[in-house]
Amino acid sequence: MNGVGIELDKVDVIHGEKLVLEQVTLTFPPGETTVMLGPSGSGKSVLLKVAGGLILPDRGRVYLDGKNLHAMSERENQSFRRSNGFVFQDAALWANSTLFQNMSLPLRFHYPAMSEEEIANRIKRILDRIGFKENLSMRPADSSGGERKIVSFVRALVAEPQYIFMDEPLGEIDHQIGEQMLELIREQKRAGKTIIIVTHDPMLTSQLADSLVVLQNGRVIEHGPLSAVVRSTNPAVEAILTRVLSEASTFDGSILDILDSGAEM
Amino acid sequence: MMVARIGRWVIQRTKGFLYACGFFFQVVRASFRFARHRQLGYRVLTLQVLFTGVEAVGVVSVLALALGAVIIIQGLSLLPQFGQGRLVYIILITVITRELGPILTAFIIIARSGTAIATELGNMVISHEIEAYLSIGVDPISYLVVPRFLGVTLSLLILNIYFNLFGLAGSFFVSALIRPVQFVDYFRELLVNLQPADILSSLIKSLAFGVIISTVATYNGFRVSQSSTEIPQMVIKAVGQGFVLCVVADAVITLIYYLR
């Protein structure tokens with residue numbers, strides 16, 4: 001892949017009086033999977049939205065392949081949007097649309113010439129892989145949290161994006177479907193997509209992450225290849241890795257051992 | 001200390017005003033492009049016209065009939081005592097066509113659609129639906145605001161025309177139950193007294209009110225940022241600002257009408 005990917009340069013985000021992100025400088029190289037970790041309220045979701053161009057930073061810049069993301073022409077912006085998919089933490093489905101309409105809107109919007117049959121086939125292919133068989137004419141309000149998350153996941157992948165942003169993609173998902181979704185993410189990774197994930201899931205982290213970003217109070221305290229970050233001697237990093245990942249862990253072994261096994265894969 | 005506080009207040013207000021002007025400019029620009037570009041917003045536009053226009057027909061009809069009938073009955077009771085019986089037609093046109101038709105229709109739309117639009121958009125902000133649109137490249141101004149802007153403006157224009165027809169013609173039949181007037185006399189006098197400037201003034205008012213109500217409602221809906229408790233606050237602002245701006249615009253257009 002060409003280009004330098006997504007770069008954040010001295011980004012600050014302020015909500016009211018609170019500095020949510022402070023002087024964040026990061027690069028998400030093309031084709032790489034980055035996992036962001038940090039305690040709740042550390043600014044991970046905001047950082048994900050800043051990298052995806054959904055939140056305009058109060059200070060600093062965001063670049064996509066060297067171009068300022070917020071100063072792009074409409075054509076360049078549409079091209080970027082066509083090539084990205086976003087899984088929101090709370091699914092963020094459009095309440096007045098059916099589940100099918102939610103999943104199909106990216107295709108209808110970016111590919112107006114695409115036939116209804118092709119749209120339905122594309123959605124069905126992904127749903128079949130996941131094993132999701134619910135009635136797609138339901139509204140989001142009639143669905144469970146897990147079902148909404150699956151629809152959000154399909155909506156993000158249906159247009160075959162190059163950049164994929166995921167906020168707790170397997171949250172509220174049962175183990176069996178989670179395994180299928182994990183396999184789909186692995187496929188995206190193998191296909192050379194740029195993936196940025198916010199998660200507390202140690203297995204997801206160990207199996208997918210090329211690099212880790214560790215956040216604390218809106219600041220990046222460690223960033224680098226998975227193998228380097230899990231062996232960090234910084235006690236704050238070690239404490240966060242252990243604490244954050246154990247929140248969602250059901251494993252008996254050491255969290256750092258699990259991550260370390262991923263780093264050696 | 002006091003000066004600093006006043007200064008901050010002025011700066012905040014100025015910023016807010018300039019931001020609202022920028023929002024309005026974006027909406028107008030996107031509206032001109034709405035018909036030219038392939039749009040997903042036609043469904044939203046249709047639903048908006050249905051909700052704002054069609055569903056408000058009942059309440060507008062009742063109001064127009066009652067108002068027209070009251071003017072006719074009062075006018076025909078009082079004015080002949082002063083030898084000015086024919087003034088009732090001028091009063092009917094002044095009140096229904098030029099003044100109360102547009103403003104009452106606007107008040108109904110503020111209460112029904114202004115509140116609904118601000119609430120709906122505020123909820124969409126809270127549930128991150130706006131961010132979801134942005135993430136796939138759908139511009140919220142083009143997709144969510146412009147159809148509501150056009151739908152409310154178009155509906156208000158049509159409802160005002162409907163209000164006039166019902167108020168002027170329908171009320172004849174209501175008042176006929178109490179104080180019968182000759183059918184031919186009534187409509188001939190109305191047409192003689194109805195000037196093109198009256199119709200133009202009425203249409204301009206309803207267009208201006210439609211623009212104001214839809215812009216204020218969408219703007220305040222988008223001002224919700226994080227919490228659902230902000231939604232009623234913004235709805236109240238949308239209603240208050242809508243009423244005030246419509247009354248001010250009404251006064252300005254009426255002044256222009258008399259100064260021409």
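Q: In chain A, what share of the contacts with a separation of 6 or more comes from residues 24 or more positions apart?
A: This is a predicted model, so keep that in mind for every value here. Take the contacts in chain A with a separation of 6 or more, then pick out those between residues 24 or more positions apart. That share comes to 68%.

Q: How does the radius of gyration of chain A sit against the globule rule?
A: Chain A is built with ten helices and ten strands. For its 265 residues the globule rule gives 18 Å, and chain A comes out close to that, so it's as compact as a globular protein of that length. The radius of gyration is 18 Å.

Q: What percentage of chain A counts as buried?
A: To count as buried, a residue needs 20 or more other C-beta atoms within 10 Å of its own. Of the 265 residues in chain A, the buried part is 44%.

Q: Which element gives the largest share of the side of chain A that touches chain B?
A: On this interface, 20 residues of chain A meet twelve of chain B. Helix H2 (74-82), strand E6 (84-87) and helix H3 (99-110) of chain A each put in at least two residues. With five residues, the largest share belongs to H3(A).

Q: At what angle do the axes of H4 and H6 of chain B cross?
A: Helix H4 (residues 87-126) of chain B and helix H6 (residues 140-176) of chain B have axes that come within 9 Å. The crossing is right-handed, and the residues in the contact include Gly101(B) and Phe163(B). The angle is roughly 150 degrees.

Key
Residues are numbered from 1 along each chain as its sequence is written. Chains are lettered from A and ligands numbered from 1 in the order in which they are written. This is a predicted model: local features need pLDDT of at least 70, side-chain atom pairs count only at pLDDT 80 or more; totals for chains, interfaces and linings use all residues. Two residues are in contact if their C-beta atoms, placed from the backbone, lie within 7 Å. Helices (H or I, at least four residues) and strands (E, at least two) are DSSP runs, numbered from the N terminus. The radius of gyration is taken over C-alpha atoms; the globule rule is 2.2 Å times the number of residues to the power 0.38. A residue is buried if 20 or more other C-beta atoms lie within 10 Å of its own, exposed if 12 or fewer, and partly exposed in between; C-beta atoms are placed from the backbone. Axes are lines fitted to C-alpha atoms, for helices over the stretch in contact, and angles run from 0 to 180 degrees between N-to-C directions. A crossing is left-handed if the near helix is turned anticlockwise from the far one by less than a right angle, and right-handed if clockwise.
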